[in-house]
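Student: I am new to this structure and would like to learn how to read its features. Please show me the model and take me through it.

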Amino acid sequence: MSISERLQALGITLPPVAAPAAAYVPFARSGQLVFLSGHIAKKDGKAWVGQLGLTMTTEEGKAAARAVAIDLLGTLQAGAGSLDKVARIVKVMSLVNSTSSFTEQHLVTNGCSEFLAQVFGPEIGSHARSAFGVAQLPMGACVEIELIAELQ
């Protein structure tokens with residue numbers, strides 16, 4: 001089953017690449033690697049605002065991280081030409097807008113990681129990862145994630 005068929009079976013339509021909000025590009029290729037700039041969580045087309053441990057639960061954060069993963073795949077498709085050309089999701093870095101006492105950033109980030117493994121399968125979609133708690137993100141977004149993928 002192709003990646004587009006898997007996404008269709010999940011009822012997911014990938015968004016187009018969003019125009020950068022500052023001085024950067026959405027992705028950069030170097031050899032067989034494609035580096036995706038950080039994508040913030042969006043809800044109803046706007047920044048998904050919130051802070052884990054204050055205004056959002058871990059499960060809400062996990063849903064936001066999954067939403068970011070869908071946006072990332074739209075950008076990855078543009079950077080790769082086709083998601084079927086992805087040989088491996090190499091690394092995910094997640095920033096979680098959270099209070100100083102919130103310690104479940106890794107569980108929030110699972111929303112992205114589990115989705116990538118579901119779409120690409122465990123051999124391609126499983127990846128190295130970092131999950132950080134931060135005091136604030138652009139536009140008050142609850143989660144921002146960047147990704148590195150290897151292409152065939």
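Student: What should I know before starting?

Tutor: This is a predicted model, in which local features need pLDDT of at least 70 and side-chain atom pairs count only at pLDDT 80 or more, while totals for chains, interfaces and linings use all residues. Residues are numbered from 1 along each chain as its sequence is written, and side-chain values use heavy atoms, with hydrogens and water left out.

Student: How long is helix α3?

Tutor: Helices (H or I, at least four residues) and strands (E, at least two) are DSSP runs, numbered from the N terminus. Helix α3 covers residues 105–120, which is 16 residues. From first C-alpha to last it reaches 23 Å, close to the expected 22 Å; the expected span is 1.5 Å times one less than the number of residues.

Student: Where does α3 bend?

Tutor: A bend at a residue is the angle between axes fitted to the seven residues ending there and the seven starting there. In α3 the bend is about 35°, at Gly 111. Just after the helix, Gly 121 has a positive phi of about 85°.

Student: Which residues of α3 are buried?

Tutor: Buried means under 20% relative accessible area, exposed over 50%, and partly exposed in between (1.4 Å probe, protein chains only). The buried residues of α3 include Val 108, Gly 111, Cys 112, Phe 115 and Leu 116. The buried residues of this helix pack against α1 (3–9), α2 (58–80), β5 (86–97), α4 (122–125), β6 (128–134) and β7 (143–151).

Student: What does Gln 105 touch?

Tutor: Contact means heavy atoms within 4.5 Å. Leaving out residues up to four places away in sequence, Gln 105 touches Val 96, Ser 98, Ala 131, Phe 132 and Gly 133. Gln 105 lies in α3 and counts as buried because its relative accessible area is 11%.

Student: How many salt bridges does a search of the whole structure find?

Tutor: Side chains of opposite charge can pair when their charged atoms come close. A salt bridge is a side-chain nitrogen of Lys or Arg within 4 Å of a carboxyl oxygen of Asp or Glu. The search finds one. It joins the side chains of Lys 62 and Glu 114, at 3.1 Å from N to O. The pair links distant parts of the chain, with Lys 62 in helix α2 and Glu 114 in helix α3, 52 residues apart. Lys 62 is partly exposed, at 23% relative accessible area, and Glu 114 is also partly exposed, at 42%.

Student: Which residues make the nonpolar surface patch?

Tutor: Patches are made of residues with over 30% relative accessible area and no salt bridge; like charges are joined within 9 Å, and nonpolar side chains (Val, Leu, Ile, Met, Phe, Trp, Tyr) within 5 Å. Accessible areas come from the Shrake-Rupley method with a 1.4 Å probe, and for residues only the protein chains shown count as cover. Here Leu 33, Phe 35 and Val 90 make a nonpolar patch of about 200 Å². Phe 35 belongs to strand β2 (residues 33–40) and is partly exposed, with a relative accessible area of 34%.
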